[in-house]
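Biologist: I would like to learn how to read a model like this one, feature by feature. Could you take me through it?

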Amino acid sequence: MKYTSQMVAKPYFIAAIALFVGQILFGVIMGMQYVVGDFLFPEIPFNVARMVHTNLLIVWLLFGFMGAAYYMVPDEAETELHSPLLAKVMFWIFLAAGVVTILGYLLVPYATLAEITMNDLLPTMGREFLEQPTIIKIGIVIVALAFLYNISMTILKGRKTVINLVLLIGLVGLAVFFLFAFYNPSNIVLDKLFWWFVVHLWVEGVWELILGSLLAYVLIKTTGVDREVIEKWLYVIIAMALITGLIGTGHHFFWIGTPGYWQWWGSIFSALEPIPFFMMTIFAFNMVNKRRRQHPNKAAVLWALGCSVMAFLGAGVWGFMHTLSFVNYYTHGSQITAAHGHMAFYGAYVMIVLAIISYAMPMLNGRKAANSMKSQVVEMWSFWLMTVSMVFITLFLTAAGILQVYLQRMNGDASLPFMVIQDKIEIFYWMREGAGIIFLIGLIVYVASFFVGRDQPEAEMPK
Amino acid sequence: MTKVTRYPPGEIIIWLFIMAELLVFGLFFAAYAITRIDNVELFELYQKNLDTTAALYNTIALLSSSYFVIRSVIAIKADEQKNAYRWMLLAVAMGLVFIVIKTDEFSHHIDNGITLSTNTFYMFYLSLAFFHYLHVILGLVILGVLAHNMNKGMYSSKENASVETGASYWHMVDLVWLILFPLVYVM
């Protein structure tokens, strides 16, 4: 680690992992509620568990991105972070806001939460992913602005690299699209339309820039391939991601009352969204094959390669499966959507954050380049446990989804009601819960990897 | 000095990009063709409303622009920086002619109250034409940067991969128009 200010990344990474554990715990609880409806009721109702599960996901990924930026930007810009103090203060504000929000969800009825946080002054609550009280949303904007200021000032005073600039564009996009969380038009069609601007223009638009940038950074560091080569790939990947992703988000507008051309725009552009993900897979494997040096941090390379493959499968292939409007007519809002959501988030964004944590954490803990072999072996076990169980979660949900769509929507007059079908596909929910528990075990192994082999020497640079 | 001939010309990465772009247009063209099968009368009726003469001028503009780009590439490979710069400026000028004519066409449609929702034909026509229009603008930005760099003497017979890269992209923009013009305006 070249710059001491990179150290501010560490609390962000730790918080990210802690919240990740919380997210998975609530995932497992909810998975159980799918089959045992009153499990933990009334303490944790399903809708609350769901809110906590999805909100924690977003918040811990944001912690991960910020930590990644604080670690990577000074290194790339070859200068100290503009203000480490500001980064630390913002960390505590963001963490406090996150914890208060989750406690609010768990301890107070949602309507009461809205009331005591004075949602009626500027109503923004109640929409999926955007359940946070308005005051918290304002806090998020302040944290985001301070963060962007800190990162931009660092980039401005230092070396300008394509990787840093792509990251910055992605982060600015993230902040700008979040502002739509405050826009709450009374026209229900417009309300829905702009609602999609927040999380979905993130994941299939600007977050892909963040993903590409972080992936390129980890690959440069671990393979020693020429920056110039990696930058060219990055340009093309982000251009494709933006062309396909921004208009491709139209596949969410099919059934909410928008004009008919969205059927075509959404279908055609989103059908091509797998391309940038496929490019990322080729890119990652190409760079690793062309590597000029062996890096002792095998675990980080594994996460990076795994990310490129799983992102393509989860976001690309599973997304394509139901993106064309005539297919989506039958599948929207079914378990197929859930299957896609799980693998895409895990493959693209969870894995890239874990890749950068895996790369940076050893240095943040005072190592030269990598953890001990023992620690890395445990970490790689967690990689396989989590990744394979996520593949099974996805497959079981897909099977459930196909049955659901067939029985509920394609069976003409013999179509069955929603709840009747839920009983019929119960077996898949049980298997999904089993895979979910293995995922949780994988995550525990992952956390354990930070504590084993600490007294052992660093893994050596392979010859 | 041995003459270096790259294949494909320019940076390999631009070809990945070109393939991806052609795939987008290809899908759009295919969707247009398939939809037309069920709506032949509607499509033929509204195709007649399009300004074929303007489109023909635009075809000439883009074709000649592509030709000027080729002359510019040839010139730079012969170390004739001045000539290369002039040819590139001509290419940009012809691209601008396209933009002017096309903008006029679009404003005409807007004046007549035509939107994406008017009917299926206009949905396809406006989508395709506008998407291509954006590509022309992007291509012009690329050619503009190349011309600017040429003026500063940044390219030579040895250092011209960027010129070929930009030229390849511009030919792609041209190629798409050569499909779009007969498909949407004439057939």
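Modeller: Gladly, and let's begin with one helix. The buried residues of α9(A) are W262(A), Q263(A), W264(A), W265(A), G266(A), S267(A), I268(A), F269(A) and S270(A). Keep in mind that this is a predicted model.

Biologist: How many residues of helix α9 of chain A are buried, and what follows from that?

Modeller: A residue is called buried when 20 or more other C-beta atoms lie within 10 Å of its own. In α9 (residues 261–271) of chain A, nine of the eleven residues are buried, so the helix is largely enclosed by the rest of the structure.

Biologist: What covers the buried residues of α9(A)?

Modeller: The cover includes α8 (227–248) and α12 (325–331) of chain A, and also α1 and α5 of chain B.

Biologist: Then let's turn to the two chains. Which elements of chain B give two or more residues to the side that touches chain A?

Modeller: Start with the count: 14 residues of chain B are in contact with 15 residues of chain A. On the chain B side, α1 (12–38) and α5 (120–151) are the elements that give two or more residues. Of these, α1(B) gives the most, with nine residues. Sorted by class, that side of chain B has eleven nonpolar, two polar and one charged residues.

Biologist: What span should helix α16 of chain A have?

Modeller: At 1.5 Å a residue, its 24 residues (426–449) should span 34 Å. The end C-alpha atoms are 35 Å apart, which agrees.

Biologist: Now the whole chain. How many helices and strands does chain A have?

Modeller: Chain A comes to 16 helices and zero strands. Its C-alpha atoms fill a box of roughly 65 × 45 × 45 Å along the principal axes. For 463 residues, a compact globule would have a radius of gyration near 23 Å, and chain A agrees with 22 Å. Buried residues make up 52% of the chain. As for contacts between residues at least 6 apart in sequence, 81% of those in chain A join residues at least 24 apart.

Biologist: Which residues touch the most other members of the largest nonpolar core?

Modeller: That core has 196 residues, and L215(A), A304(A), I352(A) and A355(A) touch the most other members. The largest share of the core, 21 residues, comes from α2(A). Take L215(A) as a case: beyond its neighbours within four places in sequence, it is in contact with M280(A), A284(A), A304(A), C307(A), S308(A) and I352(A).

Biologist: And the backbone? Which peptide bond is cis?

Modeller: The bond from F41(A) to P42(A) is cis, with omega near 10 degrees. P42(A) sits in the loop between α1 (9–35) and α2 (46–77) of chain A.

Biologist: Where do F129(A) and D79(B) lie?

Modeller: Look at phi too, where a positive value can be read off in each case. F129(A) is not a glycine, yet has a positive phi of about 75 degrees, and lies in the loop between α4 (110–116) and α5 (134–157) of chain A. With 16 C-beta neighbours inside 10 Å, F129(A) counts as partly exposed. In D79(B), also a residue other than glycine, phi is near 65 degrees. D79(B) lies in the loop between α3 (52–77) and α4 (81–111) of chain B. With 13 other C-beta atoms within 10 Å, D79(B) is partly exposed.

How values were computed: Residues numbered from 1 in each chain as written. Chains lettered and ligands numbered in written order. Predicted model: local features only at pLDDT ≥ 70, side-chain atom pairs only at ≥ 80, totals over all residues. Contact = placed C-beta atoms within 7 Å. Helix = DSSP H or I, 4+ residues; strand = E, 2+ residues; numbered from the N terminus. Nonpolar A, V, L, I, M, F, W, Y, C, P; charged D, E, K, R; others polar. Buried ≥ 20, exposed ≤ 12 C-beta atoms within 10 Å, placed from the backbone. Rg over C-alpha atoms; globule rule 2.2 N^0.38 Å. Expected span 1.5 Å × (residues − 1). Core = buried A, V, L, I, M, F, W, Y, C linked by C-beta atoms within 7 Å.
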